[in-house]
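Good morning, and thank you for the time.

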Amino acid sequence: KMNYTIKVQKISKLTMFFLIQKNLYICIVIKGLRIMRHAKRASFYKNMTFKSKVQEVLDAALAEREHLFLIDLSINDANKISVILDGDFGVNLQDCIDVSRAVENNLDREEQDFSLEVASAGVSSPLKLVRQFKKNIGRTIKVKAISSEEIEAKLSMADDEKITLEWQAREPKKIGKGKETVDKKLEIPYENIKEAIVIISF
């Protein structure tokens with residue numbers, strides 16, 4: 001519960017705002033006459049409070065499912081909750097159902113109506129978290145660096161600071177004419193990665 005009073009003095013008028021049990025009241029005192037009015041809570045305050053509650057419930061749900069992790073949480077003005085998940089071993093339909101139920105069962109529709117959508121990150125979605133890079137070690141990814149350089153190569157390693165890419169390239173021979181196949185290796189810090197996606201091979 002939060003209770004606070006903000007006073008604004010204007011000559012003979014005193015305006016006070018009270019937040020009591022999630023309801024905002026305005027008290028205006030003009031020359032001894034006191035007027036108390038109920039006011040609608042500011043929408044941004046409601047949205048921030050609701051999103052905090054959703055985040056708390058979602059964190060608890062994921063804490064019980066350690067193989068899953070959150071990629072994105074968004075709530076629009078119509079209170080549509082959109083949750084995007086990924087997992088160390090992928091995300092299946094049952095994972096989405098379980099998280100959806102855990103969130104929905106811990107939110108009160110009487111207090112705040114909402115709609116909920118829980119989905120897995122698409123295979124072509126950009127990698128955003130270090131954990132996503134680690135789970136895709138051994139796969140081919142396409143990396144666009146901040147320098148605008150693009151590299152398609154095997155992700156051979158990923159730690160908490162950088163990734164390592166390995167690939168083969170045809171380059172001119174150091175001695176003689178023609179070209180030869182050369183093994184290439186490059187380390188890229190995460191802060192230098194603009195975008196990275198997994199290349200799906202069929």
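**A pocket, a core and an aromatic pair**

The second largest pocket holds about 230 Å³ of space. A pocket here is an open set of points on a 1 Å grid over the protein atoms alone, where a 1.4 Å probe fits, with protein on both sides within 12 Å along at least five of seven lines; lining residues have an atom within 4 Å of a point. The volume is the space filled by probe spheres set on the points, which are joined across faces, edges and corners.

Before going further, please note that this is a predicted model: local features need pLDDT of at least 70, side-chain atom pairs count only at pLDDT 80 or more, and totals for chains, interfaces and linings use all residues. Residues are numbered from 1 along each chain as its sequence is written, and side-chain values use heavy atoms, with hydrogens and water left out.

To return to the second largest pocket, 16 residues line it, and D86, A121, G122, V123 and K135 are the closest to its centre. Strand 6 and helix 3 (130-135) each supply at least two residues of that lining; helices (H or I, at least four residues) and strands (E, at least two) are DSSP runs, numbered from the N terminus.

Beyond its neighbours within four places in sequence, I81 is in contact (heavy atoms within 4.5 Å) with residues including F50, L73, L107 and F114.

How are the rings of F50 and F114 placed? Their centres are 6.3 Å apart and their planes at 40 degrees, so the pair is tilted. Rings of Phe, Tyr and Trp (its six-membered ring) pair if their centres lie within 6.5 Å; planes under 30 degrees apart count as stacked, over 60 as edge-to-face and the rest as tilted. F50 belongs to helix 1 and F114 to the loop between helix 2 and strand 7 (115-120), so the pair ties together parts 64 residues apart in sequence. Both F50 and F114 are buried, that is, under 20% relative accessible area with a 1.4 Å probe, protein chains only.

Definitions and conventions: Buried < 20%, exposed > 50% of the residue type's maximum accessible area, 1.4 Å probe, protein only.
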